[in-house]
Structure formats: C-alpha cells, structure tokens
Amino acid sequence: MTTLHRVIVSVSALDRALVLYGGVLGCEVSTRHGDLAVLHADDETELMLHQWPVDRGDAAVAVSFGVHGLAAVVDAWVAGGGSVIDPPARQPWGEEMAVVRDADGHVV
C-alpha cells in the first residue's frame, strides 16, 4: 500500500507561489481550479497551494524538499521571489542544507 503525503500551504498569490514550488522546485502541477493548485513532488508527495489570507510566521508551515544542485536551486528560489534564512551549508550529520522563505514568509 502506498501512502500519499499531502502538504497544504496557504499562499497570498497563487501564480507567484507556482513560480517557486513548480518552476524552481520542479513540482508538477496536476490540477488547478481557481485559487487552488495541486502539485506532485513525486508519486507519494502532493503539495496543495491554496490562495488564502496567510498567517505569517515560522510556525505556520515548514516544508522540506530534497533537491539536486542545492546552491543553484537557492539562487533560482531568490530570483523567483523567495529569500534565504541560512545559505547552503554542510550540516554536522552530513547533509547539505539551506533554509529559505517563500514569498509569503513560509520556511522551506
């Protein structure tokens, strides 16, 4: 049995969010209806972006994605309207990681 993981993120501007989550991270848009878009990161992970008033703050949402070419992805993220909290760096446990914000201030 395959489990579908769904992450729901409220965004203030759906088109702008699609640039970051779809264009930069490469999630594929499977459905779009008005203020709602469903994207797939892989066969088991679904990302639902819903245009809605955003409750800004670090506790509102924290989404994590594994990507190839982290530094280039972070550069594209910033060019797409996001910002950097922690630039790409090797972590003590061996993972290379960056912490960014999307255009609505969500931590990714």
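Q: Which residues of helix 1 meet helix 2, and which ones do they meet there?
A: Leu 20, Tyr 21 and Val 24 of helix 1 meet Val 73, Ala 76 and Trp 77 of helix 2, where contact means heavy atoms within 4.5 Å. Sorted by type, the residues of this contact are 6 nonpolar, no polar and no charged; Ala, Val, Leu, Ile, Met, Phe, Trp, Tyr, Cys and Pro count as nonpolar, Asp, Glu, Lys and Arg as charged, and the others, Gly among them, as polar.

Q: What are these helices and numbers based on?
A: This is a predicted model, in which local features need pLDDT of at least 70 and side-chain atom pairs count only at pLDDT 80 or more, while totals for chains, interfaces and linings use all residues. Residues are numbered from 1 along each chain as its sequence is written, and side-chain values use heavy atoms, with hydrogens and water left out. Helices (H or I, at least four residues) and strands (E, at least two) are DSSP runs, numbered from the N terminus.

Q: At what angle do helix 1 and helix 2 pack?
A: The angle is about 160°, and the axes of helix 1 and helix 2 are 10 Å apart; axes here are lines fitted to C-alpha atoms, for helices over the stretch in contact, and angles run from 0 to 180 degrees between N-to-C directions. Helix 1 is therefore roughly antiparallel to helix 2, a label used for angles over 145 degrees, with under 35 counted as roughly parallel, 65 to 115 as roughly perpendicular and the rest as oblique.

Q: Back to Leu 20, is it buried or exposed?
A: Leu 20 counts as buried because its relative accessibility is 1%, and buried means under 20% relative accessible area, exposed over 50% and partly exposed in between, with a 1.4 Å probe and protein chains only.

Q: And what does Leu 20 touch?
A: Not counting residues up to four places away in sequence, Leu 20 touches Leu 25, Trp 77, Gly 80, Gly 81, Gly 82, Asp 102 and Ala 103. Leu 20 and Asp 102 are 82 residues apart along the chain, and their C-alpha atoms are separated by 7.3 Å.

Q: Where does Gly 81 lie?
A: Gly 81 is in the loop between helix 2 and strand 5 (83–90), and it counts as partly exposed because its relative accessible area is 42%. Leaving aside neighbours within four places in sequence, Gly 81 is in contact with Leu 20 and Ala 103.

Q: Which other residues of helix 1 are buried, and what covers them?
A: In helix 1 (residues 14–24), the buried residues include Leu 14, Ala 17, Leu 18, Tyr 21, Gly 22 and Val 24. Their cover includes strand 1 (5–11), strand 2 (28–33), strand 3 (36–42), strand 4 (45–51) and helix 2 (70–79).

Q: How many residues are in the largest nonpolar core?
A: The largest nonpolar core has 22 residues, and those with the most contacts inside it are Val 9, Tyr 21, Leu 39, Leu 49 and Trp 77; such a core is a set of buried Ala, Val, Leu, Ile, Met, Phe, Trp, Tyr and Cys residues joined through side-chain atoms within 4.5 Å. Helix 1 gives the largest share of this core, 6 residues.

Q: Last one: what pattern does the protein follow along the sequence?
A: The pattern is β-α-β-β-β-α-β-β, made of 2 helices and 6 strands, and 33% of the 108 residues count as buried.
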